[in-house]
Amino acid sequence: MCKAAHCFQLQFGAKCSYPSPFPDARLPFSRNLVSLVSSTGAGDEGGKDGSEPGRELGAAQGRPAWTWPGRTAQLPRRRSLSPLERVSSLIPQEMLSQEVMDLQQINQEPGPKGYTAVSMPSAPTGWQAPSECSWHLPQEEVPGQGDSACQPNPPNREVPFKPGDVVLVEFRRRRCLELQKMFNLVKDGKLHSQWGMLSHQEILGHLPGQIFRTSTGFKFILRRPSLEEFVLLMKRGPAISYPKDISAMLMMMDIGSGDHVLESGSGSGAMTLFLSRTVGSSGHVYSFEVRPDHYSNAKRNYQRWRNAWEVAHENEWPHNVEFINKDIITATDDIQGMMFDAVALDMLSPQLALPVVYKHLKQGGVCAVYLANITQVVDLLEGIRSCQLFLSCEKILEVIHRNWLVAPALRKDGSTAPRVKPQNNVYNKSEDEQRKDGTMLLEDNGEEEDSKPFCTIPYIARPHHEQVSHTAFLVKLRKFRPVQLYSTAHNSENNSKSPWNCED
């Protein structure tokens, strides 16, 4: 053992198991010890290699390993302040020279795990670690850090506009939606409006949500429509089921991925699209429509959305809808032997179709009915009573949405009104003269530049003057099985001759 290693062992009680590169020289070791391990990470913990604390590790690999008898390695302590640091801490900061400030900045630069350049441990003087070894500080394991490496990063789903995309263009001016139009993107197409023309070639290759200028200088924002906007702007035949009512019906039916749903009354395909998204690729929707023109329109809208989805998301929309051009009352052969998790009816006389679909609704399933008038609700409940169907009416509701307008208060000339304290009989002549002279700068849309400080502009908050009022009544019917207290032959014979039996 060399003299340096012997002195090190006598002073600290640690064992050093490597030959000294300087046998005749004493090596000054630092008290801030660090562990020396291979770059592959092997031998970080002595317990994993079958060794015990206090033994000599790494002698076979030809590298040093210091261990403390009976305890594990601890983090190094920060050394005491130097005389320069002590004196500089007593002198005001503005009186220090630039050299001293630069030295303080170098010493306070953070290292790994919060160590500074002053407190970083040092290796033995004159010793060079082998190529397979490296000095490193003990690092704490962050909870969940190992699992994060296995989690894939979210994919980049920013897909630019391509030919075949369904694009929604909007133009707003003075808090009003002047233009909202949906069109298919083609290479040689053009968008014409009273605010100017925009070529489709200028749109291709750009990301959605950008602003484009028309030939007359107006600003249009172009993006891809959501399913709600697509349903409201697509080509209609009959009146559609509005998204606010569809969402309530989906909550009533409580359906999800893998469910099978029966729909009567395809209409324009609005309810069908939402049902298709809800049941997913493992579910299925059977949609009946008696009119051929409505049947063709619903299929066309459904296919248009599938094509637009494939272009925008670069994957296929599930093909889980089967359109049937037939009346549900006479379609017993088409649904023979099928059981459905839920039923959606949007027709004039749903009480006529209930005896047919009742047999194919699972026990405890929900039948959601979309009706426009309250008299239809009365006829529906009377039909259930007269046919003695075991359906309980749990809920009858209508969905009302109230849109609100919250925006800065504007004058008639389009300028923003100032926010002032309540005053009586005060006339500001300077502002009135500015309005008459036209010295207030306005943008193209008639609003002032947004340069005023925070909380200096008054706001208005009131219900919007354009409101969507009543659209439909939604009825929630649930199939149940009654409890039979007793059954006799006389009662069963009387029940078969009952005038309310609709099986005849």
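**Cores and sheet of a predicted model**

The largest nonpolar core has 38 residues, among which Val231, Leu250, Met253, Ile255, Met271 and Leu275 touch the most other members. Such a core is a set of buried Ala, Val, Leu, Ile, Met, Phe, Trp, Tyr and Cys residues joined through side-chain atoms within 4.5 Å, where buried means under 20% relative accessible area (1.4 Å probe, protein chains only). The model is predicted, so local features need pLDDT of at least 70 and side-chain atom pairs pLDDT 80 or more, while totals for chains, interfaces and linings use all residues. Residues are numbered from 1 along each chain as its sequence is written, and side-chain values use heavy atoms, without hydrogens and water.

Among the elements that give two or more residues to this core are helix 7 (243-253), helix 8 (270-279), strand 12 and strand 13; helices (H or I, at least four residues) and strands (E, at least two) are DSSP runs numbered from the N terminus. Beyond its neighbours within four places in sequence, Ile255 is in contact (heavy atoms within 4.5 Å) with Leu250, Val261, Leu275, Thr278, Val279 and Ala342. A second, separate core of 28 residues includes Tyr286, Ala331, Met347 and Tyr358.

Seven strands form an open sheet with mixed pairing, in the order 11-10-9-12-13-17-14; strands pair if DSSP finds at least two bridges between them. Strand 11 (321-324) and strand 14 (391-397) are at the edges with a single partner strand each, so one side of each has no neighbour in the sheet. Within the sheet, strand 12 (residues 340-345) and strand 13 (residues 361-371) run parallel, joined by five bridges, and Phe340 stands opposite Leu361 in strand 13.

Methods
Buried means under 20% relative accessible area, exposed over 50%, partly exposed in between (1.4 Å probe, protein chains only).
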